[in-house]
Amino acid sequence: MAELIDALPGIALPVEEVTCRLDTMWAGDASEHSPSEFRASQMNVVLHFGKETSPADARNRFDGLIRFAQRYPSRIIVLCPREAGSGAMTARLFSQCYIGSTHREMCCCEALLLSYQPEDSGYLSNQVSTWLESDLPTYHWFSGVPRQRIEGYFENLLTGVRRCVYDSSIEPDDLSALDWPQPNRVRDLAAARILPVRQSIGQYLSGHDMESLCCGLADVTIRHAPGFSGEAAALCQWVASCLARHCAEPGEDNGFPPIGAPVADPAPGTPCLSMEWRYDNDNRLCWSMQEDGTRGEIVACFAGREERIPTHIRLLPLEN
């Protein structure tokens, strides 16, 4: 049976040879502009896969991280689970240099890949520590790792990590519910992806006074297509916090106005994200972003004035 690491690029190596080969690879020669001149990492990024990650998803996230490293040079470490009893741990080494319009615009990045047994959390932590650039901050991205296993990493693998990230739209578990040792260092990529959405909606709403927006507001409903549950939840939290801050009377429960949990809409062709503000007067506000994730529309009526405004937005791509 093929292992997950086999779906990713790089040359296969014994684990103990990876760092030596890495040093030799960048040595270059005495000529001007050898590759080592452009090898200057800013951070360590650990991409940590779980057993349920498919080869296609693993390759997609790996490629996104490589594109990220073109902008922010990084030492990438990829952890791939392997089947129990499938033999010794194996490793891969991937490196690539990207040249811009001139030879001076060059960036070199590297990725060290390791297949691991999920039960070996202590050994895994030790192995990762030997591959890290010790003087750089470390960021750890969990992708498909079960919550109970993540909890087992709190005291070893995650010690000293500057930030942990995950993508709630693809995770089978609600990782926000974990008792993270430092919750302020945990980020959801799905919430980060909707930054252009929040900017677009906020720009429109800023043209109306808060009294008009809050008066008669009965409830807010957010819907999402399959695969956008994380974005919908983050949008819901953002709207709820904004309205609670501006619409609630002093001393009033911050649960106003009622905002329910996002509603999944599996029908083909439906917007990937949509939001409806319902009022008990003639006001109304509807926003939607189409399935291709690049076009949106705001339909609103305030003070008897109806508007239909197309918006050009897209969710932030993975490398951003």
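These legends go with several close-up views of a predicted model. Local features need pLDDT of at least 70, side-chain atom pairs count only at pLDDT 80 or more, and totals for chains, interfaces and linings use all residues. Residues are numbered from 1 along each chain as its sequence is written, and side-chain values use heavy atoms, with hydrogens and water left out.

**View 1. Strand β5 and its two partners, β3 and β4.** Here's β5, residues 106–116, with 10 of its 11 residues buried (under 20% relative accessible area, 1.4 Å probe, protein chains only). Strands are DSSP runs of E, at least two residues, and helices are runs of H or I, at least four, numbered from the N terminus. Strands pair if DSSP finds at least two bridges between them. With β3 (residues 74–81), β5 pairs in the parallel sense over 7 bridges, and Ile-76 has Ala-111 as its bridge partner. With β4 (residues 91–99) the pairing is antiparallel, over 9 bridges; Gln-96 stands opposite Cys-109.

View 2. The whole structure has 5 aromatic pairs (Phe, Tyr or Trp rings, using the six-membered ring of Trp, with centres within 6.5 Å; planes under 30 degrees apart are stacked, over 60 edge-to-face, the rest tilted). Phe-62 sits in helix α2 (residues 55–71) and Phe-94 in β4, 32 residues apart. Phe-62 counts as buried because its relative accessibility is 0%.

**View 3. His-224 in strand β9.** His-224 is buried because its relative accessibility is 8%. Beyond its neighbours within four places in sequence, its contacts (heavy atoms within 4.5 Å) include Pro-262, Asp-265 and Cys-272.

How values were computed
Buried means under 20% relative accessible area, exposed over 50%, partly exposed in between (1.4 Å probe, protein chains only).
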